[in-house]
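Biologist: Before we discuss assignments, please display the sequence and the structure. I shall then ask on what grounds each term is applied.

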Amino acid sequence: MRVEIDRRPIWVILAGKALRPVFFLLLALGFILFLQLPVPEGLGTGGMRAIAVFLLCLVLWVSNAVPVAITGLFAIVLVPLLGVLPRGATYSLFGNEAVFFILGAFILSGAVMQSGLSNRVALRLMEKHGGSPKRLIISIFLLAAALSFVMSEHAVAAMLFPIVLEISKSLKLRPGESNYGKLLFFALAWGSVIGGVGTFLGGARVPLAMGILKETTGSTIGFLDYTVAVAPLVVVLLIVGYIVLTRFFPVDIDGVENAHKVIVRRARALGKVRPREYAVGLILGITILLWITIGKTVGLAAIAMLSVMALFVLKLVKWREIEEYVNWGIILMYGGAIILGTALDRSGAAKWMVDAIMTQWAQTPITVIALFSLLAILLTESMSNAAVIAVLLPVSIGMAGRTNMSPEVLTYVVAIPAGLAFMLPMSTPANAIAVSSDYISVRDMAKGGVIMFLTSWVTFNLMAHFYWPLIGLR
Amino acid sequence: MIRKNYFKNPGALKIDLMLRGAAIEDPVAKARACGATGIDILLPKKILVNIPCEDWFTVRSPYVIKKSAGKKGYILTNGSDSVPVSILDRPEFYSRKTATGVPFGDIAVTHGSYTVITPDKRCGFFKSSAQCRYCAGNFSTDAAENGGRVYTVEEVLETVKAVLKEKASGIIYLSIGFSDGDDGGIKFLEPYVKAIKSHFNCLVAVEALPPASNEWIDRAYAFGVDSILYNLDIFDKELFSVICPGRAGLIGRQRTLDALKYAAGIFANGTVASHLIVGLEPPGSTIMGIDFLTDSGVVPILPIFRPSKDRPLDVTDLDAEVIIPVYRHLYKTLKKKGINFNWVRDISMVTTPVEGRYLLNDEKSSSPFLDNFYESRLGMKTAWGLSAIRRRLRVKKIKKEDPPEGSP
């Protein structure tokens with residue numbers, strides 16, 4: 001047990017402790033006062049209340065005053081309590097397909113990690129392609145991206161972190177000083193982030209966006225459709241990311257023999273591929289294939305759940321093992337976000353907000369895409385990226401009628417940029433994990449992150465303007 | 001030598017009585033109330049004092065406690081002057097026993113506002129004959145005397161329950177002698193303090209030895225100790241090493257002073273204290289000790305050395321006139337340096353800093369309302385509540401991790 005005694009003057013401690021209750025008191029007062037305001041023209045009472053809940057959740061998500069999951073609970077409880085949606089309808093939204101899809105994705109990802117398959121793939125690839133300093137960086141960068149196509153980017157970063165840390169130590173890189181040390185951890189973090197936007201599986205935000213889209217418009221987006229739409233951005237960011245990193249932090253070591261020895265030692269220690277790994281890999285492969293081929297017809301969640309059931313029927317995983325990998329907080333947050341999005345839509349609040357606020361700045365498809373993508377990238381630097389979707393997506397989908405843009409495009413406009421967090425450790429766990437190594441400072445991350453931020457925004461807009469029409473997205 | 005008459009000043013009278021003792025005329029009262037540690041009586045102004053009353057000690061004392069003629073109660077007289085006094089009965093719980101058959105009186109001794117419990121009465125210094133030469137108080141000079149018995153947490157809890165139920169006192173004072181290890185005894189006392197804190201709303205003071213690392217002080221505060229005492233006893237460096245060879249050699253005077261200073265930065269104002277025994281060193285040295293300790297925010301507590309037939313150490317007779325200025329200095333210094341001494345009161349074994357005001361005729365500076373408050377149950381509950389809130393605010397985080405070597 002370790003104890004720390006706060007020796008500051010007691011009034012300073014008290015003032016610090018008082019901030020939180022005062023914050024919540026002011027928030028509650030603000031919420032109540034907002035509800036007392038006269039309802040603007042064109043907005044019903046339900047819409048006004050939905051906006052009040054939306055603003056409350058916005059403040060909580062931005063401030064991180066409570067865990068994102070608990071903010072989700074605020075939405076789940078307040079929406080029916082204020083009569084925005086009927087109680088039964090509200091709670092039934094929690095059974096949204098997106099919630100079950102992400103639950104399935106968590107379990108699949110957990111099974112891949114638990115079986116040791118992901119670790120083996122990572123080590124084998126680095127063993128084969130990591131023979132020189134630059135090749136090692138490229139293999140970590142691409143490996144993190146590739147794994148994030150099929151697993152949560154957070155899980156990929158967490159899984160690769162101990163390996164990269166051991167590599168850094170074997171090369172005797174000095175934390176905070178070594179450029180190569182910085183490169184290794186940037187490759188880990190940014191590779192995960194870029195790969196994470198590549199498919200539905202890289203993070204929980206895309207399934208959430210699909211859930212909100214389906215609840216509000218009834219339409220949906222296929223697994224392959226999404227990947228095809230986002231592919232150029234992923235390729236450009238991987239190339240630019242590598243150039244930015246090697247320019248900002250030139251390689252300052254001659255060889256990676258020691259690191260390679262570590263990788264070889266670790267790879268050898270794994271032994272031969274076990275049947276469990278083959279089986280889990282096979283199920284994952286079949287699942288992805290089914291998502292691509294019949295995902296739209298059968299539903300992504302149904303396929304995910306069937307795969308999960310197969311994992312348990314074949315005794316490839318145990319529930320106790322899998323529980324560690326299921327982020328129930330995110331699932332709760334999802335329920336809340338979907339309910340909030342639906343409440344804004346059905347109460348007419350989303351449409352009203354679009355009319356009243358966004359119309360002045362975003363009147364053409366180009367400006368709509370530019371504005372929403374910019375907002376999403378900016379917000380995701382300081383907010384959970386799923387929270388960004390919960391906040392922006394109902395509004396962006398509301399623009400569909402006014403701008404003659406398809407709701408699917410307006411979903412992409414928020415869902416993809418919401419995953420592009422490069423600048424700060426609080427933006428995404430992958431960045432936080434990299435900074436926790438002490439090889440990268442927040443300043444380093446912000447420095448390179450600004451370039452990536454601008455690159456990703458410009459590339460996204462160019463892609464939306466020139467590439468999407470070619471694949472039928474308008 | 002003509003001795004001064006202290007009957008008009010209860011503060012000075014307390015000191016003189018502690019030095020000289022008082023004979024008890026009434027054999028019934030003597031049998032009932034006079035124990036090996038003396039007799040507790042209440043002087044005017046509600047001043048509590050423990051007076052040596054055994055015959056060998058009081059043979060040269062002019063003071064006699066006798067029944068008040070024609071009235072109920074007792075008087076203290078020197079033949080010419082007298083004041084009414086009350087003899088405090090020994091607490092009832094002394095005569096009762098724990099479920100395991102140990103008399104509560106063996107486990108705990110009440111001295112006014114606090115009750116001393118020493119769960120393990122052995123002191124490791126005795127093993128190597130390095131004990132403090134004046135020591136015999138709470139600790140067995142012979143480890144075998146207690147049969148090696150360490151009172152269990154349950155026995156101590158039963159005792160505390162009895163103490164609090166009888167309202168014998170509101171502060172539980174746990175003490176420990178020297179043991180191997182660098183924690184100063186805190187590790188041993190931790191389960192006792194935690195158990196008392198989780199069962200009762202009372203203040204817990206701990207008298208331990210200075211630990212090697214300050215982390216133990218943090219830990220003691222975090223797990224519930226409200227007040228801590230690392231007794232220096234003697235400020236003079238050379239006398240300290242002669243009279244307390246064990247403490248000087250194995251802990252060190254400087255470490256004691258450092259630990260006190262650090263603790264004063266952690267615990268509430270006025271709750272870190274250290275004994276300086278009056279009579280073991282020249283008064284000037286004690287005064288220097290007072291200045292040094294108060295500079296660090298520590299409350300010096302000045303017990304008077306009480307000769308004992310069992311102790312190897314003897315000193316020349318002390319005179320009240322010589323030591324009263326020391327107590328005056330203590331009172332003035334604490335007031336000047338803004339150290340709270342209000343919670344160190346109503347202790348029969350020592351003249352508390354609060355009582356110093358009588359020695360300076362500074363009674364007007366105190367408020368009877370506040371005095372009553374501090375002495376009341378409400379005051380004690382308030383102190384407990386404030387102490388608990390302060391701890392909640394200050395103890396920042398408790399992590400479960402592998403401790404570094406040599407730390408808690």
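Biologist: What makes strand β2 of chain B largely enclosed by the rest of the structure?

Modeller: In this predicted model, local features need pLDDT of at least 70, side-chain atom pairs count only at pLDDT 80 or more, and totals for chains, interfaces and linings use all residues. Residues are numbered from 1 along each chain as its sequence is written, while chains are lettered from A and ligands numbered from 1 in the order in which they are written. A residue is buried if 20 or more other C-beta atoms, placed from the backbone, lie within 10 Å of its own, exposed if 12 or fewer, and partly exposed in between. Strand β2 (residues 39-43) of chain B has 4 of its 5 residues buried, so β2(B) is largely enclosed by the rest of the structure.

Biologist: How do you know that β2(B) and strand β3 of chain B pair?

Modeller: Strands are DSSP runs of E with at least two residues, helices runs of H or I with at least four, numbered from the N terminus. Pairing requires that DSSP find at least two bridges between two strands. β2(B) and β3(B) (residues 47-51) have 5 bridges, in the antiparallel sense; I41(B) has V49(B) as its bridge partner.

Biologist: Which bridge count links β2(B) with strand β6 of chain B?

Modeller: β2(B) and β6(B) (residues 82-87) pair in the antiparallel sense over 2 bridges, and L42(B) is partnered by S86(B).

Biologist: Why is P425(A) called buried?

Modeller: P425(A) has 20 C-beta neighbours inside 10 Å and therefore counts as buried. P425(A) lies in the loop between α21 (407-415) and α22 (429-435) of chain A.
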